Amino acid sequence: MSQHARWRRLAGLGARFLTVGAVSTLIEIVVFNLLYLVAGVDVVTSKVVASLVALVNAYLGNREWTFRDRGGHTRTVEIVLFVVVNAVCTALGALIVWGGVIVASELLGREAGPFAVNLVNLGSIVVVVVVRFLLYHYVVFRGVRRPRAERVERLDAR
């Protein structure tokens, strides 16, 4: 495969990943704000819960659309890797929100308000999206998925 074809394929993966991510991000932002602004839950807990809710959409969208032709792992290994990668990414996002709110509060000379908190949250999402794509592509959905008939034949041979 030529370098140009590889870049085109990667761009297609990226576009599908970003589409799934946009829907997941919308879910995450809505849940985050419902928890933080409406229910009065602290920012870190709101971030973690919102990320976990969006995770279900992200797995299904990425498994069945973005990386539908990729994935040399068994489904169980793939799900475990997906959960581990997302646990790391959720922790990274929460760490960025926690640190960013502290920095924003220091810069403002007062407790950061909802606008500043949401800016920090959006910044954390951008960082985590890049990390998540790389980990999905190179770790979770790594390799080419065998056609279903070939997978069934391998199982029958056992």
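Reader: A nonpolar core is a set of buried Ala, Val, Leu, Ile, Met, Phe, Trp, Tyr and Cys residues joined through side-chain atoms within 4.5 Å. What does buried mean?

Author: Under 20% relative accessible area; exposed is over 50%, and partly exposed is in between, with a 1.4 Å probe and protein chains only. This is a predicted model: local features need pLDDT of at least 70, side-chain atom pairs count only at pLDDT 80 or more, and totals for chains, interfaces and linings use all residues. Residues are numbered from 1 along each chain as its sequence is written, and side-chain values use heavy atoms, without hydrogens and water.

Reader: Which residues touch the most other members of the largest nonpolar core?

Author: Phe67, Phe82, Tyr136, Val140 and Phe141, out of 14 residues in that core. H1, H2, H3 and H4 each give two or more residues to it, helices being DSSP runs (H or I, at least four residues) numbered from the N terminus. The largest share, four residues, comes from H4.

Reader: Which residues are in another core?

Author: Tyr36, Val43, Val97 and Ala104 are among the 12 residues of a core that lies apart from the largest one.

Reader: OK, and the whole chain: how many helices and strands?

Author: Five helices and zero strands. Buried residues are 35% of the 158 in the chain.

Reader: Switching to rings. How many aromatic pairs are there?

Author: There are 10 aromatic pairs, where rings of Phe, Tyr and Trp (its six-membered ring) pair if their centres lie within 6.5 Å; planes under 30 degrees apart are stacked, over 60 edge-to-face, and the rest tilted.

Reader: Why is the pair of phenylalanine 32 and tyrosine 36 stacked?

Author: Because the ring centres of phenylalanine 32 and tyrosine 36 are 5.8 Å apart and the planes are at 25°. These two residues are four apart in helix H1 (residues 3-38), so about one helical turn separates them.

Reader: Is phenylalanine 32 buried or exposed?

Author: Phenylalanine 32 is buried, at 0% relative accessibility. Tyrosine 36 is buried too, with 18% relative accessible area.

Reader: And why is the pair of phenylalanine 67 and tyrosine 136 edge-to-face?

Author: Because their ring planes are at 85°, with the centres 6.4 Å apart. That pair links distant parts of the chain, 69 residues apart: phenylalanine 67 is in the loop between helix H2 (43-66) and helix H3 (75-108), and tyrosine 136 is in helix H4 (residues 114-140). Both are buried.

Reader: Which residues form one aromatic cluster?

Author: Phe17, Tyr59, Phe67, Phe82, Phe133, Tyr136 and Phe141.
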